[in-house]
Amino acid sequence: MGVVNPLVRPVRRTSAVVAALLTGALASGCTSGVANPAVPPGTEPASSSTAVVSPTASASSAATVRPSTRPATAPGLRIGSVSNFRDVAGAGLELPDGHRMVTGLVYRSAKLATASSGDIGRLKKAGVDLVIDLRTNDVASRSPDPAIPGADHLLVNIYAVTRSPTTTYRSVAAARAHMRQLNIDFVDKRAQRDRIAEALTLIASADGPVIVHCTEGKDRTGWISAMLQLVAGADRQQVLAEYLKSNEYRAELLNSRYAATKRARGTVAAQTEHALLAVDASYLGAGLDEMDQRYGGLDGYLTDGLGLSQAIVAKLRALLVAA
């Protein structure tokens, strides 16, 4: 793991300042296979966890920015009371160009409501400056984030709906199709693209380490994390490998839910639920393929799709990549 960003905390952000920053940033832009490590018995073959995706799209290359000079090696932050908590940069992801991603800059997780007082203290000590909550208003109000001293908490509801509809899926195929569509929507739905742009802009402008989370820390958080890794220059196999780690971090939950559902409702129900609770390379791959088809790759998605300026993209890359 890498060194936690040394940061000075100037004036606290206000909602007006954040709104002004986002308005300016958005206005300046244009309107393998990795095996699933947590597959319970009786589910689809391991090959279903492997997606053939198009070649890696280059990160935006219009502006050349010197990478961050912050070192990328240091003890990692361990938070045991929050599910799926980890560094977006992994252990300092080694990029194809020989650089590494900076650690201690962006963390990802499931909901923070379970955080112990000791772990909240660790997050404070790590200098966490901003928590970006990607959940819907309804879910966030029912399971609010605890306060982390010194950190702002902002709700950036990626789904852009007050409450997500409840849907019953009666087959594994239907559940898997839903999860692929969920990732495609991050590309196709304008309201969701606007929220993704907001989250990335906030990360670029934060004064210190950021936590990005949703409910399980795997889908909405997985997409934001994938975008950050791609901006840094990671290739898609690396991004997919990091994405699938959610199955490792949540293996106990996945296995216990599978066993309980199988006992109560049978194997098909257990397999169907597992398809919704786990991540699969084909899910993220569907969104990345849609990004290629609709926008010609990462560059077009960031600028034409999200409306980010080249300056914001360049700033993100400079923050994320160690010299």
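Predicted model: local features only at pLDDT ≥ 70, side-chain atom pairs only at ≥ 80, totals over all residues.
Which backbone oxygen does the side chain of Arg 108 reach?

Residues are numbered from 1 along each chain as its sequence is written, and side-chain values use heavy atoms, with hydrogens and water left out.

**View 1. Arg 108 and the backbone of Gly 217.** The side chain of Arg 108 comes to 2.9 Å from the backbone oxygen of Gly 217. Arg 108 sits in strand S3, residues 106–109 (strands are DSSP runs of E of at least two residues, helices runs of H or I of at least four, both numbered from the N terminus). Because its relative accessibility is 1%, Arg 108 counts as buried (under 20% relative accessible area; exposed is over 50% and partly exposed in between, with a 1.4 Å probe and protein chains only).

**View 2. The surroundings of Arg 108.** Beyond its neighbours within four places in sequence, Arg 108 is in contact with residues including Asn 84, Phe 85, Val 212, Lys 218 and Glu 242 (contact means heavy atoms within 4.5 Å). Val 212 is 104 residues away along the chain, yet the two C-alpha atoms are 4.9 Å apart.

**View 3. Asn 84, a contact of Arg 108.** Look at the backbone here: Asn 84 is not a glycine, but its phi is positive, about 60°. Most residues other than glycine have a negative phi. Asn 84 lies in the loop between helix H1 (15–27) and strand S1 (86–87), and it is buried because its relative accessibility is 2%.

Notes:
Polar contact = N/O pair within 3.5 Å; in protein donor to acceptor, adjacent residues only side chain to side chain.
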